Amino acid sequence: MSIEPVAASTGRPRVTADHADSESSITIPSMDPFYRAPADFESAEPGTVLRSREVTLALFGVIRQKVSAWQLLYRTTGLDGAARVAVTTVILPAGGRQRPHRALLSYQCAIDAVSDRCFPSYVLRAGARAVGSVPQFEFMIILYALRRGWVLSLPDHEGMNGQWGAPIEPGYCILDGARAALSFEPLDLAATTPVALWGYSGGGLATSWAAEAAADYAPELDIVGAALGSPVGDPGSAFSRLNGTIFAALPAMVVEGLRRTYPVLDRLVREHVAAAGLENLSSLHRKTTVHAVVSMMMHDLERHLDIPMADLLATPEIAQIFQDIQPGKSAPKFPLLVVQAVHDPMIDVDDVDGQVRRYRAAGANVTYIRDRLSEHLSLHPIAAPVTLDWLSDRFAGKPTDESSTNTVWSLAGSLPGLRGLLGLAASTGRAFAGRID
């Protein structure tokens, strides 16, 4: 693969292509030269494609899918305003006819890890070794969305360093990924192509940041709506609630991700956490989400502290970080759909209720659906048909109703919901057979 510097005559990075895609050459992003920033990439505008390559996607890294897919390395912006690079995977149905009114859906996977082994750009490729990564399971829902005829952008929204839990920056990464997709010629899109956003769990949180950042950071994008599935609501609250439970790895990974974002947190962790605790945090760099959850089940971070956890969380520095990472501070100009399980053992419904209240108080239009019978893992596939129908209506330009909250027994209980789940099941069967048509 050739990596070219900035063109001296224009001051803009050349877009380079790499068509080699051998399963034997697949490696994690930190070891893959494709992910390295070209020289002087900082001079490019946010969203500029710096490098591209065609890739083969496979369910669970094994069952090849008949889709056309590329990866785009593009310029984006960090929380501190500095230039960064990121990668998104863009997908078209293989051999699909170009539609005159094609739309772009940016889907944010639930990376929910700090290891680059869980990044969608690695996980979804043929030959990837990422047992226990969440995006491998989400790929079935992604393929179902692809059947709507939309172009999909799947950004590595945690950036190159796996900064899970960071505020705002994932939004920049998502929006610049959409910009990159709109300008990528093989997708046959235009600057005026309508864009929608969707994510669940950690992907829902990242989608929240993109929705909040859009008006100021990417006002030229025609974003028609955003669907937030179980979008965490209050990461600080989730941290306190999940520590010491069967899901203790999740707050631990947030701490490790935020250490890469906030130097003051890294300092406090090194100051108050014993060597064994630091080793546990560092070990997360090598673990997929499921591996981390299993290995850290019932782990209590407090046992490694030299002061009570409550005292550490009450320090002004950490209190400010928890305030920073709470979404819902501004009102997107486009409508929002939020879905949440009432009895969710991971994401408390009260936290998501609070996020919705903050959006509405700021003036946002929010359709909020609460599901009584689902829990965190089951709600995503159950809500997918309803969410896709809502996104289809936004792409079609249909008006939205006024903000509403509706608590239902199950989103699968209606005829459209049942029909949609049957469609998802059929789509999943095709995926296991390596078919998208």
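Predicted model: local features only at pLDDT ≥ 70, side-chain atom pairs only at ≥ 80, totals over all residues.
1. Helix H14 comprises residues 415-432, 18 residues in total.

2. The buried residues of H14 are Gly 417, Gly 420, Leu 424, Ser 427, Thr 428 and Ala 431. Because they cover an arc of only 100 degrees around the axis, they fall on the same side of H14. Leu 415, Arg 419 and Leu 422, on the other side of the helix, are exposed.

3. Just after H14, Gly 434 adopts a positive phi of about 75 degrees.

4. Positive phi values also occur in residues other than glycine. Ser 230 has a phi near 40 degrees and sits in the loop between strand E10 (222-229) and helix H5 (235-242). With a relative accessible area of 0%, under the 20% limit, Ser 230 is therefore buried.

5. Met 298 has a phi near 65 degrees, again positive in a residue other than glycine. Met 298 belongs to the loop between helix H9 (289-295) and helix H10 (309-313). Its relative accessibility is 48%, so Met 298 counts as partly exposed.

6. Met 298 also contributes to a nonpolar surface patch of about 450 Å², made together with Ile 246, Val 290, Val 294 and Met 297.

Note on methods
Residues numbered from 1 in each chain as written. Heavy atoms only, no water. Helix = DSSP H or I, 4+ residues; strand = E, 2+ residues; numbered from the N terminus. Expected span 1.5 Å × (residues − 1). Buried < 20%, exposed > 50% of the residue type's maximum accessible area, 1.4 Å probe, protein only. Arc of directions from axis to C-beta. Patch = residues over 30% accessible without salt bridge, like charges linked within 9 Å, V, L, I, M, F, W, Y side chains within 5 Å. Areas by Shrake-Rupley, 256 points an atom, 1.4 Å probe, with all protein chains shown as cover. Salt bridge = Lys/Arg side-chain N within 4 Å of Asp/Glu carboxyl O.
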